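The entries below follow the order in which I made them.

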Amino acid sequence: MPDTLTITDNRTGKKYEIPIEHDTVKAMDLRQIKVHEDDFGMMAYDPAYMNTASVKSNITFIDGDKGILRYRGYPIEQLAEHCTSFLEVAYLLLHGELPDRPHLEDWRYNIKMHTFVHENIKKLMEGFRYDAHPMGMFISTISALSTFYPEAKDIMNPDVRRKQMYRLIGKVPTIAAFTYRHSKGMPYIYPDNELTYAGNFLNMMFKIGQSYKPHPVLEHALTVLFILHADHEQNCSTNTMRSIGSSHIDPYSACAGAAAALWGPLHGGANEAVLRMLDEIGSKNNVSAIIKDVKEGKRKLMGFGHRIYKNYDPRAKVIKQLAYEVFEVTGTNPKLDLALELERIALEDDYFVKRKLYPNVDFYSGLIYEAMGFPMDFFPVLFAIPRTAGWLSHWQEHLLDPEQKIARPRQIYLGAGERNWIAINKRS
Ligand code: ACO
């Protein structure tokens, strides 16, 4: 059987043989389909990229129907269970293989050498209003890094690229923690490179006086959460990273754009929305009223549903389990019972079953973050820290892909045809 698709254009009766590769046809192969020789040719229309592959990627695999997520072939459950440091997973995403001991040590060393920020970054952050949203501060500061490292625009130089990766992965926890300390009016804590990636971050967040030590269970939980959030193939923010990066701008500017995309409540902002929703529900007695509103289309059940997963999000499973370990240390989050009840009712309800709506990664993560002492508006920042490694992996893959060019979709223009300019006093 030939690997082709035969298309008959009923407008002209002409037949076209289109090659199929990886169960996909190339949209550009449709361009030959024309009624008249001087027609532009046929395009594919796909708002929100519902059925369009824009890249060939070797980084992350998702089977949304089966609830499978793998980084570079490794199941997310195995990485979450066995990797003792987030940097091991960051290395895997960026290099394609798990590091052996010397490579991991070298990688760690290089990232630790780049955890401090220029003192002027600190001054810049001091300029934010006392009540600035941490994600707004995070995005602006990441963007400002490009002014400190102008050589970063030499994106085709592998050494320069590597250096910016060390810097970005090294500095995002520092900048994130500074946004928190700024909101609290507390002095910024400098990185402690003797600690792990997650431990150093907790230290910069919560240290007061000399006695603070990150709790090992919470440090481990944060490591797992970082691993689970490190990549998720062509999601909205990664697509943004690739798209901005395709113009060959420096990675700081591209990362700032990706982080902005992540902030939206339909993407990384959903865990905050889940907690606000649970706060609003207040008690188990109100769960059925919320479900009713959701089914009548008056609102969405935040933390439910996913563009790709039509099954339980594998990350949500790990997080749900992790929540119990964290609550052993922090005491339980009273909203957990409410969340469990909401999940129980939703999973039995026809509305959710038919639409294959299951809890996503954000449904339980906010409960853990809150129990660990992170304020709600800080949640998207917690997401952006590990996702930086994912964004950088895709950015690099995109730059090195000979099939890629500057991202520039087409449109179907439905506006006015040509018309003549009208003087202002004659306009109605
Ligand atoms: N609550 C109620 N109904 C929902 C929900 C939800 N959370 N999600 C989807 N639906 C319904 C839609 O109304 C639609 O119903 P219809 O067919 O009767 O019109 C159907 O399910 C399909 O939904 P779409 O909106 O077409 O799904 P899409 O793939 O565009 O959206 C999204 C995915 C944005 C994640 C959506 O499920 C949503 O808004 N969820 C809530 C926000 C959320 O939790 N986001 C986090 C996602 S995970 C992440 O980004 C890290």
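Where is the place of His-229? I found His-229 in the loop between helix 8 (216–228) and helix 9 (236–245). Helices here are DSSP runs of H or I with at least four residues, strands are E runs of at least two, and both are numbered from the N terminus.

Ground rules before going on. I am reading a predicted model, where local features need pLDDT of at least 70, side-chain atom pairs count only at pLDDT 80 or more, and totals for chains, interfaces and linings use all residues. Residues are numbered from 1 along each chain as its sequence is written, and side-chain values use heavy atoms, with hydrogens and water left out.

Entry: His-229. Is His-229 buried or exposed? I log His-229 as buried because its relative accessibility is 0%. Buried means under 20% relative accessible area, exposed over 50%, and partly exposed in between, with a 1.4 Å probe and protein chains only. I then listed its contacts (heavy atoms within 4.5 Å), setting aside neighbours within four places in sequence. His-229 touches Tyr-71, Ile-319, Val-361, Ser-365, Tyr-369, Phe-383, Pro-386 and Arg-387.

Entry: the ligand. I counted 19 residues around the ligand, taking "near" as a heavy atom within 4 Å. Lys-300, Leu-301, Gly-303, Phe-304 and Arg-307 come nearest. The shell splits into 10 nonpolar, five polar and four charged residues. In this scheme Ala, Val, Leu, Ile, Met, Phe, Trp, Tyr, Cys and Pro are nonpolar, Asp, Glu, Lys and Arg are charged, and the others, Gly among them, are polar.

Next, I looked up polar contacts, here pairs of N or O atoms within 3.5 Å. A backbone N or O atom of Leu-301 sits 2.7 Å from a ligand nitrogen. A polar backbone atom of Gly-303 is 2.8 Å from a ligand oxygen. The side chain of Arg-355 puts an N or O atom 2.9 Å from an oxygen of the ligand. On its own the ligand has 920 Å² of accessible area, and the protein covers 72% of that; areas are Shrake-Rupley with a 1.4 Å probe.

Entry: strands. I call two strands paired if DSSP finds at least two bridges between them. Strand 1 (residues 4–9) and strand 2 (residues 14–19) run antiparallel, joined by six bridges. Thr-8 faces Lys-15 in strand 2. The two strands form a hairpin with four residues between them, and Gly-13 in the turn has a positive phi of about 80°.

I also noted an open sheet of three strands, order 3-4-5, with antiparallel pairing. Strand 3 (60–63) and strand 5 (74–75) are its edges, each pairing on one side only. Four bridges link strand 3 to strand 4 (residues 68–71). Ile-62 has Leu-69 as its bridge partner in strand 4.

Methods:
A polar contact is a pair of N or O atoms within 3.5 Å; within protein, one must be able to donate a hydrogen and the other to accept it, and residues adjacent in sequence count only if both atoms are side-chain atoms.
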